[in-house]
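Have the sequence and the 3D view ready.

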Amino acid sequence: MNADELARMHREFLKDTIRLQFDFSTTGQSRGLPPPPLQKPYPADAPTVALPGPEHFGALGAATLLSVLASRRSVRRFAAAPLSLEELAFLLWATQGVVAQPGPAVTLRTVPSAGARHAFETYLYVRRVEGLVEGIWRYMPLEHRLLFEFAEPGLGARVAEACLGQRFAAQGAATFFWSVLPARMEWRYGPAAHRVLPLDAGHVCQNLYLAAEAIGCGACAVGAYDQEALDALLRIDGEEEFVLYLAPVGKKGG
């Protein structure tokens with residue numbers, strides 16, 4: 001298949017024509033199957049850290065939406081200053097925070113999601129955050145807590161290598177990784193889920209950009225990486241869960 005043929009094939013992915021090819025009565029939701037969990041489970045005795053909630057965010061800055069939209073840029077150079085735990089909590093809440101839970105299988109969050117399915121998990125490579133050890137953490141949006149996953153030597157170098165040598169990807173105060181669990185969206189939309197999942201990822205990362213700018217930080221979205229290496233780094237299986245998008249964030253400068 002040549003480049004033109006491949007391009008034409010992938011253009012079809014951008015069109016909303018899948019619904020003409022698929023019987024939605026066969027989805028898990030239509031068949032009365034229970035939905036996948038809203039959040040990956042974790043052991044009851046796992047180490048977690050409570051995060052400051054929205055009631056603490058007012059002190060972080062008073063940037064207007066107009067100024068944030070006008071000044072937002074991708075930032076690839078970061079200062080050595082750490083993020084405070086409050087700043088990190090704000091960024092996490094802005095990208096996946098739960099603002100309401102109308103039912104046991106539904107959450108409303110700070111970002112839109114097709115069918116309110118919210119098929120992402122947020123992992124962090126924490127490098128410079130006050131009160132947190134360097135390592136891999138995972139955000140638990142239902143509890144607004146951080147779960148410590150693991151630490152090992154050379155994580156920053158592995159992140160940069162998995163991002164195809166883009167060193168800035170590991171040089172912020174923290175790097176956000178959004179993994180996708182397609183089954184959460186497939187339960188409602190079947191194969192049509194695969195069209196809307198990248199759209200949802202864009203909503204999430206744009207919120208990170210705007211929230212970071214509002215508190216004097218910067219971010220840079222990264223969509224080019226070694227899939228297998230990044231999934232292995234985060235210790236996810238690469239099939240039922242895999243990385244879809246990532247972005248380092250930190251104080252501007254450097």
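Buried means under 20% relative accessible area, exposed over 50%, and partly exposed in between, with a 1.4 Å probe and protein chains only. Helices (H or I, at least four residues) and strands (E, at least two) are DSSP runs, numbered from the N terminus. The model is predicted: local features need pLDDT of at least 70, side-chain atom pairs count only at pLDDT 80 or more, and totals for chains, interfaces and linings use all residues. Residues are numbered from 1 along each chain as its sequence is written, and side-chain values use heavy atoms, with hydrogens and water left out.

**Helix α4**

- Helix α4 spans residues 155-162, and its buried residues are Leu155, Gly156, Val159, Ala160 and Ala162.
- Down the axis of α4, these buried residues fall within an arc of 165°, so they line one face of the helix. The arc is taken from the directions from the helix axis to the C-beta atoms.
- Ala157 and Glu161 are exposed, on the face of α4 turned away from its buried side.
- The cover over the buried residues of α4 includes strands β4 (120-126), β5 (135-140), β6 (145-150) and β7 (174-180), plus helix α7 (227-234). Contact here means heavy atoms within 4.5 Å.
- Leucine 164 follows α4 and has a positive phi, near 60°.

**Largest pocket**

- A pocket is an open set of points on a 1 Å grid over the protein atoms alone, where a 1.4 Å probe fits, with protein on both sides within 12 Å along at least five of seven lines; lining residues have an atom within 4 Å of a point.
- The largest pocket has a volume of about 190 Å³, the space filled by probe spheres set on the points.
- α2 (65-71), α3 (85-96) and α6 (193-214) each supply at least two lining residues. α6 gives the most, with four.
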